[in-house]
Amino acid sequence: MKFEEEIGRRRTFAIISHPDAGKTTLTEKLLLYGGAINVAGAVKSNKIKKTATSDFMEIERQRGISVATSVMGFEYLGKKINILDTPGHQDFAEDTFRTLTAADSVIVVIDVAKGVEPQTEKLVKVCRMRKTPIIVFINKLDRIGKDAFDLLDEIEGKLGIKVRPLTWPIGMGPDLKGVYNLYEKSLILYTPNSTERVSETVAISDISDSELDRQIGEEEAEMLREEVDLVESVYPEFDRSVYLDGAISPVFFGSAINTFGVQELLHCFLDIAPSPLPKESEERVVDPYEDKFTGFIFKIHANMDPKHRDRLAFVKIVSGKFHRNTNYKHIRLDRNIKFSSPTAFMAEKKSIVEEAFPGDIVGLHDTGNFKIGDTLTEGEVIHYKGIPSFSPEMFRYVNNADPMKSKQLAKGVDQLMDEGVAQLFVMKTTGRKLIGTVGALQFEVIQYRLKHEYGASCTYENHNVYKACWISCADKEQLEEFKKVKYRSMAIDKFGRDVFLADSAFTIQMAEQKFPEVKFHFTSEFEDQKSESV
Ligand code: G4P
């Protein structure tokens, strides 16, 4: 197959949702379609359950499994599909944000009864920032849920996206009869507890076809006609180019557990979702069809076995063909590295690959050379954008609890931060290390891993920080003045960038008034950023 065709047939995407909406179930059903797994339940074990907060072995075990399921590749109808796994647990949201940088599109799963939940809001916001095309799947139609129109209003309101339903539910909960496919003008009948991949589909000429009355009953058919009329008049025609710009999201209804509405979603996804897209770097926009290889690291996974301290760095191939045993330039380190055992992921299996194409994710064995965000090329100096750090929610100083092991602690903290487990800030005045995380669970994970992988012990000390703000200022003098006045609250992040640790929203407001030229950013990437600050 030609290089261009290989790129054109790739679909690399992530499924995101609030925990429990059905992400794992949907992922599993998609894998079943691709024949990538044979039994339901195979992906389930990847979930870090909410109950696992203090069960470290469980977390470790699940971390191990999630290496295998970090990327689930499979072939279906001539397409190469790469599903990027995102951790369900909300304490690992930062991990999900980073994974989204490697996704060319996303599917958002929403529970029909619960509607838009907080985690969904946060994740969709990140997608909107980078205009990622979004498809919405409304799940659990076999349960009584919100009215479809109300739900679409809620999605538009809370997620700030425009929607266009492409299937429409006929009933709900115990009265669920099926969905009408507006995209293909067909009727899909619902059979509870189905594990069949193909639901029964009835061809109808259009919505006025009397076959509809025979299949679902006159009353239901009439109601469906009214609702479809309303859908057609309220929502704009579906336009793929608008979807690809991230400006409209097609919506599907179904029930993942009953394998209902999933095929319609998958087929439409294959039709409309983008193949790998050009990517902005600081230097220029890189097109996937360029013949020289480039890629970036978006995830690093440590080996669970403390005897083998190697890690797996996941590279998303942006352009050109990647070859095994070929020298590539590690831009940050300014040196060549070659990889003898690059790993590809097909469902639960891992295998060494000779070559890989744009859109693919390859796992590279790493002995500590990589940080998240690193770029690999054939020599050209390129720094990929779009791996921002977000302000953590919780901050604690890390203290050494074993003076004999201070080196191990420093190394452990350093490496765990490279992996992106949490963010490290070093206070300018004292040199103390402050760890910032999204949730409390990471602090426990860090403590546990420092002990088991590095033999180091640490204690924590709470530090009251409202937000970590990355700062920018066109006026150099004012910036210096600001840093001088606020020197006690200034720290540097892992990349040497200045960060202001504000203790309240009020502090930021006051600072904004006093230093009008200084801009405060809750993510490390922002519009007026200078290239040297990344
Ligand atoms: P997540 O990855 O988004 O966290 O959700 P997951 O797929 O694990 O689904 C959460 C729960 O919702 C699971 O039940 C799952 O079986 C159920 N579920 C998924 N899709 C549907 C659906 O279409 N209809 C209904 N009624 N339920 C659905 P659980 O009891 O938490 O787990 P399990 O015991 O079934 O594994």
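An oxygen atom of the ligand is placed 3.3 Å from a polar backbone atom of Ala 21, a polar contact being a pair of N or O atoms within 3.5 Å. Taken alone, the ligand exposes 700 Å², of which the protein buries 74%; such areas come from the Shrake-Rupley method with a 1.4 Å probe. This is a predicted model, in which local features need pLDDT of at least 70, side-chain atom pairs count only at pLDDT 80 or more, and totals for chains, interfaces and linings use all residues. Residues are numbered from 1 along each chain as its sequence is written, and side-chain values use heavy atoms, without hydrogens and water.

**Around the ligand**

- In the side chain of Ser 255, an N or O atom lies 2.7 Å from an oxygen atom of the ligand.
- Of the 18 residues around the ligand, those that come nearest are Asp 20, Thr 24, Thr 25, Asp 142 and Ser 255; a residue belongs here if one of its heavy atoms lies within 4 Å.

**Gly 436**

- Gly 436 is found in strand 26, residues 433-437; strands are DSSP runs of E with at least two residues, numbered from the N terminus.
- Gly 436 counts as buried because its relative accessibility is 3%, and buried means under 20% relative accessible area (1.4 Å probe, protein chains only).
- Beyond its neighbours within four places in sequence, Gly 436 is in contact (heavy atoms within 4.5 Å) with residues including Pro 392, Met 394 and Phe 425.

Note on methods
Helix = DSSP H or I, 4+ residues; strand = E, 2+ residues; numbered from the N terminus. Buried < 20%, exposed > 50% of the residue type's maximum accessible area, 1.4 Å probe, protein only. Polar contact = N/O pair within 3.5 Å; in protein donor to acceptor, adjacent residues only side chain to side chain.
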